[in-house]
Amino acid sequence: MELDIKQINALIEKESEFVEKITAEVAKVIVGQKYMIERLLIGLLADGHILLEGVPGLAKTMAVKTLSSVIKTRFQRIQFTPDLLPADIIGTMIYDQHDGKFRPKQGPIFANLILADEINRSPAKVQSALLEAMQERQVTLGDSTFALPAPFLVLATQNPIEQEGTYPLPEAQVDRFMLKVSIGYPDRGEELEIMRRMTRQQLPAAETVVTPQQIVNARKVVHQVYIDPKIENYIVDIVFATREPAACGLEELKELIAFGASPRASIYLSLAARAHAFLRRRGYVTPEDVRSIGMDVLRHRIIVTYEAEAEEISAEDIVRKVLNKIEVP
Amino acid sequence: MSARFCPWVVLGSLLWIHTTLSQESEIRLSASVDRTEVPLNRTVELTLRLTWSGEPDRYQIHPFDNPITQNFEIVANASSNRVTAEGGLKTSITDYLFTLEPSSLGMGYIEGVIVTYSDLSTSESFRLTTNRIAVKVIDPVPEPGSRPRWLPGLGGVLLIFGIGLGLYLFRRRSKIRSAPADAAGPAKIEQLLLEQLRTVDLDDPNLDVTAGFDVVSKITRRFLTARYGAPGPGATTAQVIEALKGSALPPRLATEVEEILRNADLSKFSGGGAECSDFQRAWTLVEAMLEKSMRDEPGPDNTDSQQ
C-alpha cells in the first residue's frame, strides 16, 4: 500500500467535495433518477464510458446535458441519425484553396464530454467510428493522429432495440462501455414533481460548479482507493462464474450463456467499485461496492443462448443469479 | 390277327371314353381365407379358385363383382392362371386373390361370391356360388421395432412410484438428519458456533486481527442465517443488515450486529484498518449473543428460520 487508509480517507474527503455540489446542481433540473446520476459520476471518476438505455422521455439526454453544464468542460452533443457518416463525428480532410493543401477538420468528438444521443439510430459503421475513438482515445485524419482531450467521456443513450428504425450495437462495441445503465420510470411522487417543475414558465437551470482539474484530481484519488486481494478474487470469481457457471455450482446457467464476460469486465468492475467507494467517502473497496455496480458492468457483456431467449431469461437474470451465488469474502 | 388286336382296341376305346368323360366335368369353385382370425393391424387373403379339367380356353369366365364384405375393406386384388398336368390329364386353375383389411374389432364376413362361366364348346352358361366366410378381427399385434402398448403406461406407473419413493426417502433422510439437532435442543447451532469462536485465542500476542474478524464475521452471519433468516453467504453486509430490519432480532442486538459486521469489513478489506480492541469487543459481543441465544427458548420465528 502506497498510502495508509486514513490518508486515503482524508484525501477522499478533500477531493470529493465537488460530488455533493454536482448532485445538488443536477437535482435542480432532474427529479429523482439518483441511481442514474450516481452511475454518471462513477463513469466520470473511473474514466469509463456509459451507455444509458431506456424508453424515450426518461430524462436520459437531459441528465447528461445537465451534468455537462455543471462541469466547466467542452461539451458536444451528437444526434445519431440513419444518414450520419463517420466523418460527421471524427472529422475529415478539407481542401484549403488558399494554399492548395488538405487540412484536417476535427469533428465534434474533440470535446471532453460527448453526448451520443440515440446511438442506435445510426448504422454500424458510424457506431464503430465513435467506439474505436472511445477505445483508442485518439483519432487519425489523413496522415495525422490527434489525441482526444482529457477528460474524455462518452455518454451514449439508446432506446430499447425493439423499437423500429434502430441498429443494435454490435456486442464487441458494447463491451467498450464501462457501464450500461437501464433507466426506469419515476415513481408517482417524482412524476408529480416532474410535471410541476417542467410546466413552469422558467425552466430550472444548473450552474457550473466543477472544473476539469477537480475531476482529474479525483480520478487520481480513485486509483489510490485500496482494493484488497480478497475483493480482487471476489471480482474474478464473479467474472469466471459467467464463463464457467458449472464450476461455481451454477449448472443451470451452463446452457443459457453463449459467451461470458470478457477481461474488460474484471478491469471495469475493479475501477467502478473503486469509484463507488470514493462516492461513499471510503478509502477501500468492500463487496458492497462490487455488487452495487456489478449489474451495470456485466449486463451487456454476457451473451445469452437461444435456449435462454426461448425461456425468456435475460443477461440480467443470469448476472443476478451469479451475484447471489458467489460467496462474498 | 383280329384276336391279337382286339385287347388293344378295347383298351384304346376305354382310354378315349375316360378322357372324354373327364373333359366334360364342370368347373369347381372354392373360396378360402388364409386365416380365420386376423389382428386389426394385419390383412387377410381371400382366394377364389376355379379349377377345371382341360385347356384354359375351354371355358370363358365372366367378369364378376368384388366380394361383398362386412367389417373389411378390399385394399388389393390380383388374378393368376396356370395349367398343371398329371397322369396325362391337364388341369386349369384360375385364382382370384383379394387382400382384405379389417375395419374394427369383432366379426367380419365375406358374403358368397357368384361366378358365371360359359362352356365354349356347347355355349351353355353355368353359375357357381361360394359360401359365406366368417373371420374374427382381434386386437392389433405390436409392430416390429415398436414399443408394446402397455409400456408407456408401465413407464408412467414406475415414474410415479419412483417420485413417491424419492420423496419418502428424502423426508426420511431429512428427519434422520434433523433428529440429532432436535435431540440436542435448539441451542445446537449456538454450541457449535461458540466452539468455533473459542478457537480464536484473545490472549495470543501474535493475534491476527484480520483473520480473527474473518472468523467472527462468518460465525455471526451463520448465526443470523440460522436463527433470524438472514440471507446466505452471497449477501453483503448491507444486505444482511437490511434483511434483519424485518426480523425478530431485538434492536439492541441489531445495532451490535451492525457494528460487528462493519468493523469486520473494515478489518478485512481496508488492509488492516481495525484495532485489536475493536476485535476484542466484537469477539465478546458475539460470545454474549450466542450464550444468550442458547439460554433463551427460540420463538416461533426462530424455529421457522431454522428450517
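User: Which residue of β7(B) is the bridge partner of Leu50(B)?

Analyst: This is a predicted model, where local features need pLDDT of at least 70, side-chain atom pairs count only at pLDDT 80 or more, and totals for chains, interfaces and linings use all residues. Residues are numbered from 1 along each chain as its sequence is written, with chains lettered from A and ligands numbered from 1 in the order in which they are written. Strand β3 (residues 44-53) of chain B and strand β7 (residues 89-102) of chain B run antiparallel, joined by ten bridges; strands pair if DSSP finds at least two bridges between them. Within β7(B), Leu50(B) is bridged to Thr94(B).

User: How many bridges join β6 of chain B to β7(B)?

Analyst: β6(B) and β7(B) form a hairpin with two residues between them. In β7(B), Leu89(B) is the bridge partner of Glu86(B). Strand β6 (residues 72-86) runs antiparallel to β7(B), and the bridges that join them number 14.

User: Which residue in the turn of that hairpin has a positive phi?

Analyst: The turn belongs to the hairpin of β6(B) and β7(B). Its phi is about 60 degrees, and the residue is Gly87(B).

User: Are α10(A) and α11(A) parallel or oblique to each other?

Analyst: Helices here are DSSP runs (H or I, at least four residues), strands are E runs of at least two, and both are numbered from the N terminus. The axes of α10(A) and helix α11 (residues 263-279) come within 10 Å and cross at roughly 140 degrees; axes are lines fitted to C-alpha atoms, for helices over the stretch in contact, with angles from 0 to 180 degrees between N-to-C directions. Under 35 degrees counts as roughly parallel, over 145 as roughly antiparallel, 65 to 115 as roughly perpendicular and the rest as oblique. The pair α10(A) and α11(A) is therefore oblique.

User: How many residues does chain B give to the contact with chain A?

Analyst: Residues are in contact if their C-beta atoms, placed from the backbone, lie within 7 Å. On the chain A side, α10 (229-243), α12 (287-298) and α14 (315-325) each supply at least two residues. Chain A contributes 20 residues, and chain B contributes twelve.

User: What percentage of chain A counts as buried?

Analyst: Buried takes 20 or more other C-beta atoms within 10 Å of a residue's own, exposed 12 or fewer, and partly exposed lies in between, with C-beta atoms placed from the backbone. Chain A has 14 helices and eleven strands. Of its 329 residues, the buried share is 43%.

How values were computed: Two residues are in contact if their C-beta atoms, placed from the backbone, lie within 7 Å.
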